[in-house]
Amino acid sequence: MMKKLSKSIVTALAVLLMTATVPFAACAQTPAPPPGPGPVLPPEEIKPPVLDDPDKQDPVYDGSAVKVSEIVSNDFGNHIKVGGQDFLFVGTQIRVDALMNCDKLDYGKIELLFAEAAKLGVTCVQIPVEWAKMEIAQDVFDYTYLYKMMTFANKYNLKMEFLWYGTNMCGDTHSYTVPDYILRDGRTYPKFDALRTGEFWNFYGIMWYLDFDNENLIARETNAVEKMMEYIYEYDSTHGAKKPVIGIQILNEPDIFVRYRIGKYNVLSRETGQTMTAEEGYTKVCNSLNALGKAVKKSNYQVYTRVNLAASTKGDNQNSSGNGVYDGAEVKDAPTFATRMQALEGIDIIGDDCYMSGVKNVKGITSMYAEKIPNNFGHVAENDGNYANTASLILAAVSQHGGYSIYDLLTPPFYVANDAADIDQGIIKYADDTYGAFTYKNHYPQVQSLIAGLKAVDFEVYNLDNDDFICFNVASDYAEQEIAQTISSTNVTVAFSTSAGALGFALDMGGHLDVYVTADATLSLSNGTISAVKSGVYADGVFNGNAVSVQNGTVRLTPNMLYRIEYNSAGKIQSTTWDNIGG
């Protein structure tokens, strides 16, 4: 989880867990003592439930590699392709792990959230996969969770990233995430000495720090990742080859271990017995990331790998050009640890969990990650879904050849109840305690509308220069109810006005503009003349629509409609698109 929660934690003895029959429950409202010692069943006596899979078909794949997604480059930057097509990366995370562990929701209630994600219109959902939920005993695997998540994604026509929650979850090792056989065997899978060892957090269980790049641990964790990828391949082969899983996030905010855990909890080096250095910490984290990423990449189900970092332009221990996004008017270089992680063989792209509501900062962070890190796809990996200007933030990120993910679709009620109302980061909420009906934040309709507009031109978004991506009504952090703007691309100057709080964009493709707004607005051109206007849709790159009248050179724009405005330019001009996004 990206924005760190203030923790209501009590101390428990880790040694008692080591002799417990089952892992200590992670989400008890009032922590009880861990259970006493008891017998541990050998793996051969632990059987996963029989998976009921009525829709299983004969395999489509023959065992050969299938390319599902990849990171590609063009003249304008790097982006994701899925199934050979440019992919608009606008997603939302669903904390299925917490909803099931802490709120005790069943799969039927979880399916409702997939339906809500589809209703919002996101192009992908981010879904945690806990190692412990899949490997229920050593070499005993239960694929029920994976099956359910992929089935829901296919049913609601959603693409999905799996977020691998393993040994390093927000810098910690959690008893509810890592299999019990790993945590019990401190000799084979050693832990670091640290002040936090044995601390209990009712969201995640008992906390440790495993030696992330211990060869025994890496062998077990990579084996689990390989088994996950094998099942994904098998499922897709026998369920219509719809390719629901398009990427794997490796661990979760792994940089937190070095930046916020080593010093605060005095994590000791196993080599020196002294407080671990940042370099030793980053080496271990990077070794773990690389091994897990390569385990994904060896699969016949070929997808990109991704790492999310925790507000990398904030806080201490940046090892970068300094805190913050800007050096005067210029975007700073990315933190060195970010560049280092993206350069790993097993990692394709990295993104930032920025948790910022400033349009300028989101623009800058996306630009930083897109332009200051070679071969990276710049994206906001998480940002608070409760921000009232979420639509503006999405537009700012996508305008910089990037992507954006909302954290989260709906915050687990247990989190809200146990950590105060300010932890409610969802763009929707439960209407009542039945977990079957929803209410929508005030900014939801605008976000839904904007995403629909971006999807209507998804094949163009990553195929034009940022100087030609005009954003309307994002000069300030919050859209103005009434505004008149004049913004230039490299070919034309656009005069935009609204008295209805419209947000929108115009993509200058050279010879025509594709225009979309979320509320009533008007548009006219200078340094160019309008030759024709249509409203409609694209199908296979061809625009089909109806003619729209132009009165005195002005087009009246109706919300939630795509317009193609053909024009003749008087010549090249200086773009002002950057200056009109957050200032």
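Where is T518 found? T518 sits in the loop between β28 (512–517) and β29 (521–526). Keep in mind that this is a predicted model.

Stay with T518 for a moment. Its relative accessibility is 14%, so T518 counts as buried. The cut-off for buried is under 20% relative accessible area. What does T518 touch, leaving aside residues up to four places away in sequence? T518 touches Q446, S449, L450, G501, A502, L503, P559 and N560. T144 is elsewhere: T518 and T144 are 41 Å apart, C-alpha to C-alpha, and 374 residues apart in sequence.

Now the chain as a whole. The secondary structure comes to 15 helices and 33 strands. The C-alpha atoms fill a box of roughly 85 × 55 × 45 Å along the principal axes. How does the radius of gyration compare with that of a compact globule? A compact globule of 583 residues would have a radius near 25 Å, and the chain has 25 Å, so the two agree.

Buried residues make up 59% of the 583 residues. Next, contacts between residues at least 6 apart in sequence: 74% of them join residues at least 24 apart. The chain exposes about 21,400 Å², and carbon and sulfur atoms supply 49% of that. On charge, there are 45 positive and 69 negative side chains. The centres of those two sets lie 2 Å apart.

On to two helices. First, α11, residues 359–371. Why does its length fit a helix? Its 13 residues, at 1.5 Å a residue, should span 18 Å, and the end C-alpha atoms are 18 Å apart, which agrees. Buried residues in α11 include V359, V362 and K363. The run G364, I365, T366, S367, M368 and Y369 is buried too.

Second, α12, residues 390–399. How many of its ten residues are buried? Ten of ten, so this helix is mostly covered. They are T390, A391, S392, L393, I394, L395, A396, A397, V398 and S399. As a reminder, an α-helix has 3.6 residues a turn, so residues three or four places apart point the same way.

What comes just after α12? H401, with a positive phi of about 65°. H401 is not a glycine. H401 lies in the loop between α12 and β21. H401 is buried, at a relative accessible area of 3%.

There is another positive phi at Y355, about 45°, and Y355 is not a glycine either. Y355 is in the loop between β19 (349–353) and α11. With 8% relative accessibility, Y355 counts as buried.

Which two residues does a cis peptide bond join? Y407 and D408, with omega about 5°. D408 falls in the loop between β21 (403–407) and α13 (413–419).

Last stop, E130. It is found in strand β7, residues 124–130. Is E130 buried or exposed? E130 is buried, with a relative accessible area of 3%. Not counting residues up to four places away in sequence, E130 touches D97, N101, Y165, Y176 and T177.

That's the tour. Let's discuss.

Key:
Residues numbered from 1 in each chain as written. Predicted model: local features only at pLDDT ≥ 70, side-chain atom pairs only at ≥ 80, totals over all residues. Heavy atoms only, no water. Buried < 20%, exposed > 50% of the residue type's maximum accessible area, 1.4 Å probe, protein only. Helix = DSSP H or I, 4+ residues; strand = E, 2+ residues; numbered from the N terminus. Expected span 1.5 Å × (residues − 1). Rg over C-alpha atoms; globule rule 2.2 N^0.38 Å. Contact = heavy atoms within 4.5 Å. Areas by Shrake-Rupley, 256 points an atom, 1.4 Å probe, with all protein chains shown as cover. Lys, Arg positive; Asp, Glu negative; His and termini not counted. Charge placed at Lys NZ, Arg CZ, Asp CG, Glu CD.
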